[in-house]
Amino acid sequence: MSMAIKPGTRPPWVGLAAAVWVQLGSGNPYTFPLYTPTLKTVLGYNQQQITLLGVAVDVGESAGILPGIACNKFPPWVVLSIGALCCFCGYGLIWLSITETLQNLPYWLLWIAHLTAANSSAWFSTAVIVTNMKNFPLNRGLVAGLMKGYSALAAGIFTEIYSMVLNKSTSALLLFLTFGLPVICFAMMTLVRLCSPATASEDTSQNFLFVQAAGVVLGVFLLATQVLDSTVYLEKSVCYSFIVIMVVLMLAPLAIPVKMTLFPSEKKVIDRSMSDPLLPSKSFLSSESDQNVLAGSDSDQNMLLAVGEGAVENKKRRPRRGEDFTFGEAMVKADFWLLWVVYFLGSGSGVTVVNNLSQIGYSQGNGNDTTMLLSLFSFCYFVGRLGGGSIPEHFCRTKAIPRSLWMSFTQLIMLVSFLLYASNLNGTHYIATGLIGVCYGVQFTTMIPTASELFGLKNFGVIYNFMMLGNPVGALLFSSLLAGSVYDSEAARQGVAACYGANCYRLTFLVLAGVCGVGSALGLVLTVRIRPVYQMLYNSGSFSVH
């Protein structure tokens, strides 16, 4: 299907502001810890059944191969529509089960419902990330950090709505997810579209800084209000005031296109083919492999001119790292699998904490602070995703340091965090939860631009979503098979349904500490292997900005 490109300097920023709302909706899987206690009490599920549902959520959230293929063939609004349909059907069925409107539904059907509901996140995220990476091709790390960062804030936003507006009603929360998120998606989908890409300018940098600052303010506000809600009684009028302020902060990115309308800047708009070196050019180039050479140095471009004029015989060759790869070409590269394994070990460890956050709090003697832990994790997760986009971006451009170094470094911090969890010292679970949130967030926003830099943007949607499969695989191995089994075994030994004490997760935390140690070492290996690629791209190649 032909996809028209919207001209002008404002549309990319309008699309970014709309994408923020879609990404907030894509964070719906983070509501899983809020309604898991109801699944236990109403449906009588044990912890291993709950963790298997958590695996369904992780699989659905990360199963983005189809959305990636769809992004290459259809405009973003089609992809977003499919996501809205998944959200409506999945959460609708869960709501019917929780309210016992439909009774005695088989476990496998609810597993599929969780898979479908969470899969809406993959459709939402893929549509907005791929579109905005192409609209801002010279700021890929910042875009990935912003998109994934705002998605992480969704946990805090949904918790705020759940506790302050819905009176901690699980059925009301699921009803909101069933109808509210599709409505938001349909309202924003026409604004998320391919545009003439934004240039690398001082205004662009300032605009990104503003959106980042707005996100940080929103994150701090969510954390502060959740602390207040957990410690003191708040009148309904105060709660509603907090919700209004939250919505205003969510609208903040829209200030950029408004400013551009009121105070237009006289700047030349460049053509998409000139701005995105990893997309096919429509010039005189004779073949796709010729076009890929544009990602290289000036001598490569001179050779390309000679090929186009017939002075040099054109021979088909395999792409080099930094050029456009097909999915099949990428899969035979060692760097592809190294990146996948490093991401799998880091994200699999992090998602185990997410899926068991409520039980971790209770087992360590803090059964009443699930919303507080979730808000803390959400804020730190946001900081990690935002910082994982902007800080590695800075060092890529100034020192040509590969982003994978940050994946390695943060997995080392995760190792320490899991040892803190295992110690079960008073209050350390708050510190460990915050550190895990930050480091888990970094895994996402370093993997995404790394995949685009190594293997190009042309098939980025499929490649990036295959990388994302590391998350549910990790959830299956570490959360369900490891953490769920250890928890149920200790609960059976205690003769209770809800396990209490350090031994509920101690073995799990020690294993995960070892996993992160391996991931950190492999991340260093990957960094050494791809350093020459980054030196080519950022010192004199496609991504250098003069």
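A salt bridge here is a side-chain nitrogen of Lys or Arg within 4 Å of a carboxyl oxygen of Asp or Glu. By this rule the count comes to 5 salt bridges. The model is predicted: local features need pLDDT of at least 70, side-chain atom pairs count only at pLDDT 80 or more, and totals for chains, interfaces and linings use all residues. Residues are numbered from 1 along each chain as its sequence is written, and side-chain values use heavy atoms, with hydrogens and water left out.

**Stop 1: the salt-bridge network**

Select Glu 393, Arg 397, Arg 403 and Glu 453, which are linked in a network of salt bridges. Start with Arg 397 and Glu 393, whose side chains meet in a salt bridge at 3.3 Å, N to O. Both belong to helix 18 (residues 370–399), and because they are 4 residues apart there, about one helical turn separates them. Helices (H or I, at least four residues) and strands (E, at least two) are DSSP runs, numbered from the N terminus.

Buried means under 20% relative accessible area, exposed over 50%, and partly exposed in between (1.4 Å probe, protein chains only).

Now move to Arg 403. Its salt bridge with Glu 393 has the closest N and O atoms 2.8 Å apart. This pair links distant parts of the chain, 10 residues apart: Arg 403 is in the loop between helix 18 and helix 19 (404–423), and Glu 393 is in helix 18.

Arg 403 also meets Glu 453 in a salt bridge, at 2.6 Å, N to O. Here the loop between helix 18 and helix 19 is linked to helix 20, and the two residues are 50 residues apart. Arg 403 is buried at 0% relative accessible area, and Glu 453 counts as buried at 0% relative accessibility.

**Stop 2: Thr 428**

Stay with helix 20 (residues 428–455) and select Thr 428, which is found in that helix. Thr 428 is buried, with a relative accessible area of 8%. A polar atom of its side chain lies 2.7 Å from the backbone oxygen of Leu 425. Thr 428 also touches Leu 420 and Ser 423, not counting residues up to four places away in sequence; contact means heavy atoms within 4.5 Å.

**Stop 3: helix 16 and helix 21**

Next, show helix 16 (residues 334–355) and helix 21 (residues 460–468), which pack at an angle of about 45° with their axes 9 Å apart. Axes are lines fitted to C-alpha atoms, for helices over the stretch in contact, and angles run from 0 to 180 degrees between N-to-C directions. The two helices are therefore oblique to each other; angles under 35 degrees count as roughly parallel, over 145 as roughly antiparallel, 65 to 115 as roughly perpendicular and the rest as oblique.

Which residues of helix 16 meet helix 21? They are Phe 336, Trp 337, Leu 339, Trp 340 and Tyr 343, facing Ile 463, Phe 466, Met 467 and Met 468 in helix 21. By class, this contact has 9 nonpolar, no polar and no charged residues. Ala, Val, Leu, Ile, Met, Phe, Trp, Tyr, Cys and Pro count as nonpolar, Asp, Glu, Lys and Arg as charged, and the others, Gly among them, as polar.

**Stop 4: helix 3 and helix 22**

Finally, select helix 3 (residues 47–62) and helix 22 (residues 470–494), whose axes come within 9 Å and cross at roughly 170°. Helix 3 and helix 22 are therefore roughly antiparallel to each other. Residues making the contact include Thr 51, Leu 52 and Val 55 of helix 3 and Ala 475, Leu 476 and Ser 479 of helix 22. By class, the contact of helix 3 with helix 22 has 7 nonpolar, 9 polar and 3 charged residues.

Definitions and conventions
A polar contact is a pair of N or O atoms within 3.5 Å; within protein, one must be able to donate a hydrogen and the other to accept it, and residues adjacent in sequence count only if both atoms are side-chain atoms.
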